[in-house]
Amino acid sequence: TYSVLLYTDNSRNLMFDSNFVFNNDSTYVKDRSYYTHAMVYSSEDWAASPIPSVNITYYNNLAVNVGLGVGNYRLAQYSSQIRAFHNTFVKIHGTAFYYADQSPYNSNVSGNYLQSNIFSFYPNVTGCAGIDNTTLRNTWNISGNVWQGCPTNPSNQGIMTAVGSTILSYNPFIGVSCNSTKAACYSVLNNTVFSFLGVSLAGDFSFLTYDHFGNMRSITPTVGFAELSTGCGCQT
């Protein structure tokens, strides 16, 4: 087993908004050794009648020094309407985004979004974008994400080169102390590469109009948890 900072099991109709989760220890060891994961949703089979994981939204969250960014685990039922908008993941040691095969429930899966997130990896991570199964990937709307430090090998290509993706050749968080516990330190304000790269949220998601710090988002927003206009106040 392993540790997860934001974990749901046999749950539905949840929103995780503007959390800052930070792993102080390099590993969490129980019967195996893993870096603590950031956001995981599940429908484990311990329940007498496992229920689907439906309508779970991750928005404006910041996760630092983690194993998995966002993904699922031990699905005894399907997951649908899972949404990750405007999250920032720094120092990922494992996989950014994991989606397991949900057979025989695939026909129930729809309305999943991975949009306007920043994924920045620990050096020398391989196979980091996720499990690139075309059939499963097509159950997700993936667009407007920024990737840094993940090699563009074939197993990563489909996710990393989705519509509106940006691949950075340098680490915008290099000046931030790994041990910093101030969220504003990771807003990379002077780096305009993130400005106007996000996907505007409309329709059912139009109420998601503020960033992690309570600032109004632009019509074409900045990717990640903070708009470019956010004040920093961080000394590193």
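Phe 85 has a relative accessibility of 0% and therefore counts as buried. This residue belongs to strand β10, which covers residues 79-85. The structure is a predicted model, with a mean pLDDT of 78 over the protein chain.

**Surroundings of Phe 85**
- Beyond four places in sequence, Phe 85 touches a run of residues that comprises Thr 57, Tyr 58, Tyr 59 and Asn 60.
- Its contacts also include Tyr 113, Gln 115 and Asn 117, together with Leu 201, Phe 205 and Leu 208.
- Phe 85 and Gly 198 are separated by 113 residues in sequence, while their C-alpha atoms lie 9.3 Å apart.

**Nonpolar cores**
- The largest nonpolar core holds 32 residues, among which Phe 97 and Phe 121 touch the most other members.
- At least two residues of this core come from each of β6 (37-43), β7 (53-59), β8 (62-66), β10, β11 (88-92), β14 (118-121), β15 (140-143) and α2 (154-160).
- Strand β6 provides the largest share of this core, with 3 residues.

**Confidence**
- A pLDDT of 70 or more is reached by 75% of the residues in the protein chain.
- Confidence is highest in strand β2 (residues 12-17), at a mean of 94, and lowest in strand β4 (residues 28-29), at 53.
- Over residues 230-236 pLDDT stays under 50, and the model has 16 contacts beyond four places in sequence for this segment.

Definitions and conventions: Residues numbered from 1 in each chain as written. Predicted model: local features only at pLDDT ≥ 70, side-chain atom pairs only at ≥ 80, totals over all residues. Heavy atoms only, no water. Helix = DSSP H or I, 4+ residues; strand = E, 2+ residues; numbered from the N terminus. Buried < 20%, exposed > 50% of the residue type's maximum accessible area, 1.4 Å probe, protein only. Contact = heavy atoms within 4.5 Å. pLDDT = per-residue confidence, 0-100. Core = buried A, V, L, I, M, F, W, Y, C linked by side-chain atoms within 4.5 Å.
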